[in-house]
Amino acid sequence: MNYILEGFKEAIRLLISLDKEVLSIVSLSIIVSTSATIFASIISIPLAVYFGIKKFKAKRLFSRITYTFMSIPSVIVGLVVAIILSRKGPFGHLNLLYTKNAMIIAQTLLVIPLVFGLTYGLTKSRGDVIERIAFTLGANKWDTIVLIIRELKVDILVNIATAFSRAISEVGAVMIVGGNIKGYTRVMTTTISMMNSMGDYPMAIALGIILLLISFIIHSLIYSYNRED
Amino acid sequence: MKKISILLLIFLLIFTTACTKNVETPTNTGQVEETQDETSQEQVEAKGSIILSTTTSTQDSGLLDFLLPIFTEETGIEVKTIAVGTGKALQMGRDGEADVLLVHSKADEIKFVEEGYGTERRDVMYNDYILVGPKDDPLNLKTDYPNNILEGLKRIAEKEAVFVSRGDDSGTHKKELSIWKTANIEPSGAWYLEAGAGMGDVLKITSEKQGYTISDRGTYLSMRDVLDLEIIIEGDENLFNQYGVIPVNPEKNPHVNIDAAIEFMNWITSDRVQDLIKEFGVEEYGQPLFIPNAK
């Protein structure tokens, strides 16, 4: 039992002294997950709004498939990206596997369905009122999408925050495509997993605390913004 | 709609529990039938199961999948294997989370027993490590130092060729570090990658980066088809690796299943099982992966 307490003490020491290794791991985590969230948002938000207000035949089926992909296990994404990027795979010549970029690609693919699905659901339930207004104002398709994104920006922001939380907290995909290489592809979650298999808890606990803090800060920011609106 | 889904969920839960029960009962009766030539039935229940904490290399090479079913069949003891690095395996022993250990870091193991966490330690077998690297071997290590790991590592460090280290405090990682130490080199720099991952992952990383790494022979052989790597240096005495078995001391952790743990130790060091170990891998790779040497 003692080692748990020791772990916490050591964790707080690491946090206060701004341990160099901890800092590099935390910053890499944030860089990778932020990039992935931004790319995923740029790609999927306009598309999600477009499909949300569009009326087409198999919309129910489409919704179901979308919601299924929202909960795709991260190891599956990792596996697919690893196969595609490995030396023998179709994009092997790019030498991307076990790099930071591979991690960004994997996390982007992981959260695209999440941002898409959440925004799609949002637009489906609240988009048609805005669409009708846009229509009476004589807006074209693109203007309508922009207007809806503007009107729903707070909720979309919450969606983006959710996607970021998913990205920064997943371990399966980054472990497979990153390889947890010290100083290159080691992020918070892979470190925690590795420290556990090494039986070395302090760093793992420190990173766990930071991970929770990051989530707390992001969600506080979003919700304070939400109330002002 | 909501009600229906809740009902469905409840139904599903009941169904799955019912299923597991259904599955369990026949196996139980099956076991009883198997051991019907008696006296053993009560023993089977009393012995129960043990947790074997071992290293990823014994698990990944398939040795345990080969041995443990035989052990369970002969003794009625179920073995739950947890494959982790040697550091974690020893820690599990200290915390009483395992009943018996099969690990390979001799100095740490002796310390473990001296500190009273294990009752005793016996040699089981050894395997050897190899240095693997790119097939075209840009440093010409294979021609210059086919059996000299120390000179090989010196050249890798000098030329700053990519070297992937396990970096996970496992037995293999400790072994690698001790060889660097013997060679009087402190590896660091952009060429020295610390993966913090298991052997299989490290081999894949090495193959992708076309670098060098030290691997156990078994994991390399079982994966060589998917790797762009070749054995570069082998047969150096510095590369040999001894495995030991240790029952966890019940004095420190009373819930340890010591009888079954000792039975496992006696079993794996018996002549018959030692012969089995020697046969393992010969059919598939043309060479044994582990050389038994229990006394």
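**B:E120 in its loop.** B:E120 counts as exposed because 12 C-beta neighbours lie inside 10 Å. A residue is called buried when 20 or more other C-beta atoms lie within 10 Å of its own, exposed when there are 12 or fewer, and partly exposed in between, with C-beta atoms placed from the backbone. The residue sits in the loop between α6 (106-114) and β4 (122-134) of chain B. Helices (H or I, at least four residues) and strands (E, at least two) are DSSP runs numbered from the N terminus. The C-alpha atom of B:E120 is 9.5 Å from that of B:E109, and the two residues are eleven apart along the chain. The model is predicted: local features need pLDDT of at least 70, side-chain atom pairs count only at pLDDT 80 or more, and totals for chains, interfaces and linings use all residues. Residues are numbered from 1 along each chain as its sequence is written, while chains are lettered from A and ligands numbered from 1 in the order in which they are written.

**The two domains of chain B.** Domain 1 of chain B covers 46-126 + 241-292, and domain 2 covers 128-238; such bounds come from an automatic or database domain assignment. Taken over C-alpha atoms, the centres of the two domains are 26 Å apart. Where they meet, 16 residues of domain 1 of chain B are in contact with 18 residues of domain 2 of chain B. Contact here means that the C-beta atoms of two residues, placed from the backbone, lie within 7 Å. On the domain 1 side, α3 (56-60) and α5 (86-94) of chain B supply at least two residues each. The greatest contribution to that side is from α3(B), with three residues. That side of domain 1 of chain B has three nonpolar, twelve polar and one charged residues. In this count, Ala, Val, Leu, Ile, Met, Phe, Trp, Tyr, Cys and Pro are nonpolar, Asp, Glu, Lys and Arg are charged, and the others, Gly among them, are polar.

**Helix α9 of chain B.** This helix runs over residues 171-182, twelve in number, and spans 16 Å from its first C-alpha to its last, close to the 16 Å expected at 1.5 Å a residue. The expected span is 1.5 Å times one less than the number of residues. The buried residues of α9(B) are B:G171, B:T172, B:H173, B:K175, B:E176, B:I179 and B:W180. An α-helix has 3.6 residues a turn, so residues three or four places apart point the same way. After α9(B) comes B:N184, whose phi is positive, near 60°. Chain B as a whole has 14 helices and ten strands, and 40% of its 295 residues count as buried.

**The nonpolar cores.** The largest nonpolar core holds 86 residues, and A:A102, A:A106, A:V111, A:V115 and A:V177 have the most contacts inside it. Such a core is a set of buried Ala, Val, Leu, Ile, Met, Phe, Trp, Tyr and Cys residues joined through C-beta atoms within 7 Å. Helix α5 (residues 100-136) of chain A provides its largest share, 13 residues. Neighbours within four places in sequence aside, A:V177 is in contact with A:G78, A:V81, A:A82, A:L85, A:L97, A:A102, A:M103 and A:A106. Another core, of 34 residues, lies apart from the largest one and includes B:A89, B:V248, B:F280 and B:F290.

**Helix α2 of chain A and its kink.** Helix α2 (residues 20-53) of chain A has 34 residues, and its first and last C-alpha atoms are 49 Å apart, close to the 50 Å expected at 1.5 Å a residue. At A:S44, shortly before the proline A:P46, α2(A) has a kink of about 30°. The bend at a residue is the angle between axes fitted to the seven residues ending there and the seven starting there. Chain A has ten helices and zero strands.

**Two loop residues of chain A with positive phi.** A:L18 lies in the loop between α1 (2-16) and α2 of chain A, and its phi is near 50°, a positive value in a residue other than glycine. With 9 C-beta neighbours inside 10 Å, A:L18 is exposed. A:N95 lies in the loop between α4 (74-85) and α5 of chain A, with a positive phi near 55°. A:N95 is partly exposed, since 15 other C-beta atoms lie within 10 Å.

**Where chain A meets chain B.** Across this interface, 15 residues of chain A are in contact with 19 residues of chain B. The chain A side has six nonpolar, five polar and four charged residues.
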